[in-house]
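Subject: Handover of a structure

Dear colleague,

Please find the structure below.

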Amino acid sequence: MNKGIFFVAIDLNRPLSEQGPFDVVLHKLSGKDWCANIENFRQKNPEVTVLDPPFAIEHLHNRQSMLQDVADLNLSDCHGKVGVPRQLVIKKDPSSIPYEVNKAGLKLPLVAKPLVLDGSAKSHELFLAYDQFSLAELEPPLVLQEFVNHGGILFKVYIVGEIIKVVRRFSLPNVSKRELEKVAGVFRFPRVSSSAASADDADLEPSVAEHPPQPLLENLARELRHRLGLRLFNIDMIREHGTRDVFYVIDINYFPGYGKMPDYEHIFTDFLLSLVQSKHKKRPAV
Ligand SMILES: Nc1ncnc2c1ncn2[C@@H]1O[C@H](COP(=O)(O)OP(=O)(O)OP(=O)(O)O)[C@@H](O)[C@H]1O
Ligand SMILES: [Mg+2]
């Protein structure tokens, strides 16, 4: 590889259509051993910059470890609170679910998500459960997460190095107490966030539409960049309905579909240029 060409450690488990222009370089490195392949490549080509280490990307392929760093943060300052919904991991034995849910005191409804994200459509099959007994029909390993009413709007927070961009997307509507009393069962729901049109221009209630406060996002992004050891990712965040400043992170994705991030061409160019500059600065003068 020529000097000065960067390669970006992209997430090879996501469809190429959702990735950026760099996949050309890494497309050959696929399959189960992608982590080892990149490590190998890095050792043989020490001049190549690996933006994000494969082991840090792997951390996001498990829905439990993915949110652990946010849970540990306990971010609550004057700009609002950020946490993760209460959740429970079920590794095996689905018949134990009703008991485990009661024991953990989780409130219904619950979102059931496959624990491991392996790039398959199945690992994105999500269910909404109105009672804990129906959950015994599902196949562990699973994460059971409290559903947080959020007015049907989700904030996608894109991170590219130091840059943060937020867009609104439509999400699942609130579940009312009445609905919860009347309905039982477990229902599969479609992949709302990836298919949903942007909600940036929709006519929304201001209390739902208002973006999370910038200082809060800056704090969160700085901490996560540091703790996850990643520079290219996105955070899916919701605001608890009826509050102004209580937020939950429900998902973190590596190298998301940046095509939907406004101004991505400039942001990426600036990001790559800043890497070139910092690499040159670090070189000893001759
Ligand atoms: N705890 C929750 N409370 C409320 N809504 C939720 C919760 N978890 C997930 N959702 C809804 O389900 C959608 C998908 O959830 P999540 O992002 O965790 O799964 P995913 O498999 O990564 O899906 P995608 O690839 O579409 O992002 C969210 O965008 C949101 O609309
Ligand atoms: Mg998601």
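A residue is called buried if 20 or more other C-beta atoms lie within 10 Å of its own, exposed if 12 or fewer, and partly exposed in between, with C-beta atoms placed from the backbone. Helices (H or I, at least four residues) and strands (E, at least two) are DSSP runs, numbered from the N terminus. In a regular strand the side chains alternate between the two faces of the sheet. Strand β2 runs parallel to β11, and 3 bridges join them; two strands pair if DSSP finds at least two bridges between them. Opposite Gly83 stands Tyr248 in β11.

**Provenance and confidence**

This is a predicted model, in which local features need pLDDT of at least 70 and side-chain atom pairs count only at pLDDT 80 or more, while totals for chains, interfaces and linings use all residues. Residues are numbered from 1 along each chain as its sequence is written, and chains are lettered from A and ligands numbered from 1 in the order in which they are written.

The mean pLDDT of the chain is 85, and 85% of its residues reach 70 or more; pLDDT is the predictor's confidence in each residue, from 0 to 100. Residues 1-7 have a pLDDT below 50, and this stretch has 11 contacts in the model beyond near neighbours in sequence. Residues 21-30 also have a pLDDT below 50, with 15 contacts beyond near neighbours in sequence. Two residues are in contact if their C-beta atoms, placed from the backbone, lie within 7 Å. For the complex, the predictor gives an ipTM of 0.98 and a pTM of 0.87.

**Overall organisation**

The chain has 10 helices and 11 strands. Of its 286 residues, 26% are buried. Among contacts with a separation of 6 or more, 68% are between residues 24 or more positions apart.

An open sheet of 5 strands is ordered β3-β6-β4-β5-β9, with antiparallel pairing. Its edge strands, β3 (87-90) and β9 (186-189), each pair on one side only. From one strand to the next, the twist averages 25°. Within this sheet, β4 (residues 110-114) and β5 (residues 126-129) are joined by 3 bridges, and Val111 has Leu128 in β5 as its bridge partner. Helix α5 (residues 97-104) lies across β3 and β6 (142-146), at about 150° to β3; axes are lines fitted to C-alpha atoms, for helices over the stretch in contact, and angles run from 0 to 180 degrees between N-to-C directions.

**Helix α4 and the cores**

Arg63, Met66, Leu67 and Val70 are buried in α4. These buried residues fall within an arc of 75° seen down the helix axis, so they line one face of α4; the arc is that of the directions from the helix axis to the C-beta atoms. Ser65 and Asp72, on the other side, are exposed. The buried residues of α4 pack against β2 (80-83), β4, β6 and β11.

The largest nonpolar core holds 33 residues, of which Val157, Phe233, Met237, Ile238, Tyr248 and Val249 touch the most other members. A nonpolar core is a set of buried Ala, Val, Leu, Ile, Met, Phe, Trp, Tyr and Cys residues joined through C-beta atoms within 7 Å. Two or more residues come from each of α4 (63-73), β7 (153-160), α9 (214-228), β10 (232-239) and β11 (246-254). Not counting residues up to four places away in sequence, Val249 touches Leu67, Val70, Val82, Val84, Ile235, Asp236 and Met237. A second, separate core of 12 residues includes Ile90, Ile97, Ala112 and Tyr130.

**Backbone details**

Two cis peptide bonds deserve a mention. One joins Leu108 and Pro109, with omega about -5°, and Pro109 sits in the loop between α5 and β4. Another runs from Pro140 to Pro141, with omega near 0°; Pro141 belongs to the loop between β5 and β6.

Phe255, in the loop between β11 and α10 (264-282), has a positive phi near 40°. Phe255 counts as buried because 24 C-beta neighbours lie inside 10 Å. Asp263 lies in the loop between β11 and α10 and has a positive phi near 70°, but is exposed, with 10 other C-beta atoms within 10 Å.

Yours sincerely
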